[in-house]
Amino acid sequence: MRYFIAVAVACGLALVACSTAPAPVTNSSSPAKQISPSKPTLQPDAKPHVEAAAQPPGTRRAPVPRKRGFGEIDALIDDLGKVDVSSPGTASFSTGFGFAPLPENDYASVLILTHEDMGYHPSFTKLVALGPKAIPALLDALEDPTPTSLMAGGGFISWCREGHELDRGELNEAERKALAAFPYPYNDEGDFEQPDFWEPPKGKHDWEVHYRVKVGDLCFAILGQITNCHLHAVRYQPSGGLMINSPVHDPWLADCLRAIWKNSEPAARLKRTLLADLRSTNDRNRRRSPGAATRLLYYFGEQCALDVLARLDRENWLRYPRSVDFINAIRFSTAPAAQARLAHLFRATADIPVADSILPVILAKEPQVYAKLLSRVYPIRRTNDIPKPGGGFVSQKALILTAANSTDPRITVELARCCEGVLTTEEMYTCVPAGAKHRPVETLAFVKDWLANHLADYEIPRGDGTTLLLVAATCFPDDALELIRSFSNSTEPKKRSAACVVLNDLELPQWKEVLLPLLDDLAEAGYGNFAATTIRADGSKRSHELPIRICDLAAWAATRRDAKLTFKVEGSYADLDKQITAIKQALGD
């Protein structure tokens with residue numbers, strides 16, 4: 001089992017991480033220049049539906065109301081009004097790409113390290129899982145203005161703009177002609193004034209920008225996940241901006257999607273497009289091939305397994321990132337042909353990243369082979385390379401982490417023995433649950449030694465060291481107080497901070513006696529800063545950042561253990577100290 005710890009503490013610092021994933025296609029030029037030519041070997045599907053021609057540039061037509069008539073799918077779309085969590089395609093602090101039924105393969109090309117909750121609402125996931133069956137209803141609902149519970153923006157988002165961004169995917173000649181009826185009607189040479197549908201500030205800062213996501217926006221993002229197109233109703237735009245691509249407010253987006261996808265045979269239309277993405281050889285579209293492979297196997301199964309495996313055989317295995325992405329995209333499939341091909345590749349490859357990416361298939365298909373690999377994690381070797389069948393190696397870290405959620409006794413017994421040979425804290429906390437079950441005495445000794453002697457400074461109070469403490473205290477409840485006190489009584493401030501962080505999630509009966517002394521600890525926690533506000537002599541407010549203290553973390557943990565207590569990380573140290581005094585009085589009664 002993997003454990004993660006998070007404490008909701010406001011932090012004014014944002015970091016941006018970028019990958020090599022493709023950015024969405026924008027519409028700064030005419031559509032004709034951006035549409036990829038169709039392949040000569042592809043035959044057009046049934047003639048796509050063509051809406052009425054778009055209005056002249058600068059005007060917007062009235063929204064098209066939903067017609068409904070799709071039964072259970074209509075009910076799922078109506079339920080989108082309850083969505084209150086960001087997902088790839090509707091996130092304010094990232095530009096991400098995902099597939100809701102298989103979220104383990106989601107990734108972001110731009111990511112802001114902040115507190116935004118990410119996930120999928122059940123109705124969102126069910127609609128993506130329905131695939132081509134849901135396309136007609138989603139197209140019909142693109143302009144549904146029903147507000148959801150998801151508010152985009154806030155935080156350090158200080159401006160937003162309509163993006164008019166549309167990823168069209170591969171088109172055949174009939175679809176190109178249908179789309180030609182809707183030329184790009186906007187001039188992108190304007191400034192960054194807020195659109196008229198943004199909402200007034202609701203946060204502490206008068207420059208914050210908010211946008212209430214609509215049901216039609218979610219349908220736009222869901223269509224993107226089904227069709228392997230990068231459709232972002234909401235996305236982050238560096239620096240500090242929000243791009244809104246809402247078919248509710250921008251009917252041109254709805255018109256174009258209907259022209260492309262409204263078809264009497266949506267399943268055949270989707271299959272043709274995904275196959276085109278899979279086989280594409282141009283640099284931009286071949287990046288879509290992993291996503292196309294996932295959707296072909298998920299929606300069409302054995303019908304398309306041979307097409308996907310033919311594409312797998314053409315991968316250039318010297319280009320690790322793209323090759324591994326393709327394997328990650330298809331390894332979920334239970335199709336016998338896919339599993340057999342990946343098992344063969346596992347033995348044949350000499351490339352560790354490729355072998356590591358196939359480990360989940362070996363774990364499911366050949367657990368006895370996997371158990372033998374785990375038995376090769378020796379404490380005396382201290383190397384990350386584990387020999388595998390057929391020659392070559394797998395990495396020890398990938399081997400241990402992949403086995404984390406297995407319930408097969410053959411796997412868990414070997415995983416318990418791996419505690420002796422781990423190389424990292426992450427490997428250790430992955431092995432602890434199995435060790436507590438099969439070798440409790442030895443495992444507890446290994447954990448205590450690791451917590452005392454092997455933690456890196458950066459692993460606490462944020463990171464793997466704190467996670468190990470939580471996992472160990474959870475798996476060894478009779479020893480939990482001793483483990484927590486080894487940190488709370490430490491001379492190292494970061495260890496005392498980690499004890500507070502763990503008590504946010506750990507149900508420890510003696511939590512009061514651990515936290516009460518820490519409520520007087522004024523040392524900096526090493527947990528970042530909070531946005532403080534102080535009053536100047538003239539009565540004006542001054543906003544700045546102050547380091548979070550250990551007593552602040554202890555107060556926050558106390559509120560998680562007792563719902564009657566309150567603690568807000570805002571104002572000044574004096575404001576926090578007043579709240580901490582009240583908490584100490586309540587706990588002392």
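**Cysteines, fold content and strand pairing in a predicted model**

The structure holds 0 disulfides, a disulfide being a pair of cysteine sulfur atoms within 2.5 Å. The model is predicted, so local features need pLDDT of at least 70 and side-chain atom pairs count only at pLDDT 80 or more, while totals for chains, interfaces and linings use all residues. Residues are numbered from 1 along each chain as its sequence is written, and side-chain values use heavy atoms, with hydrogens and water left out.

For Cys 500, the closest cysteine sulfur is that of Cys 551, at 9.0 Å, which is too far for a bond. Cys 500 is buried, with a relative accessible area of 0%, and Cys 551 counts as buried at 1%. Here buried means under 20% relative accessible area, exposed over 50%, and partly exposed in between (1.4 Å probe, protein chains only).

The protein chain has 589 residues, of which 54% are buried. Of the contacts between residues at least 6 apart in sequence, 74% join residues at least 24 apart, where contact means heavy atoms within 4.5 Å.

Secondary structure comprises 25 helices and 12 strands. Both are DSSP runs numbered from the N terminus (helices H or I, at least four residues; strands E, at least two). Two strands pair if DSSP finds at least two bridges between them. Strand β4 (residues 147–153) is joined to β6 by 4 bridges, and the two run antiparallel. In this pair, Ala 152 stands opposite Tyr 211 in β6. Strand β6 (residues 210–214) is largely enclosed by the rest of the structure, because 4 of its 5 residues are buried.

An open sheet is formed by 3 strands in the order β5-β8-β7, with mixed pairing. Its edge strands are β5 (159–162) and β7 (234–237), each of which pairs on one side only. Neighbouring strands of this sheet are turned by 30° against each other on average, direction ignored; axes are lines fitted to C-alpha atoms, for helices over the stretch in contact, and angles run from 0 to 180 degrees between N-to-C directions. Strands β7 and β8 (residues 241–244) run antiparallel and are joined by 4 bridges. Val 234 stands opposite Ile 244 in β8.
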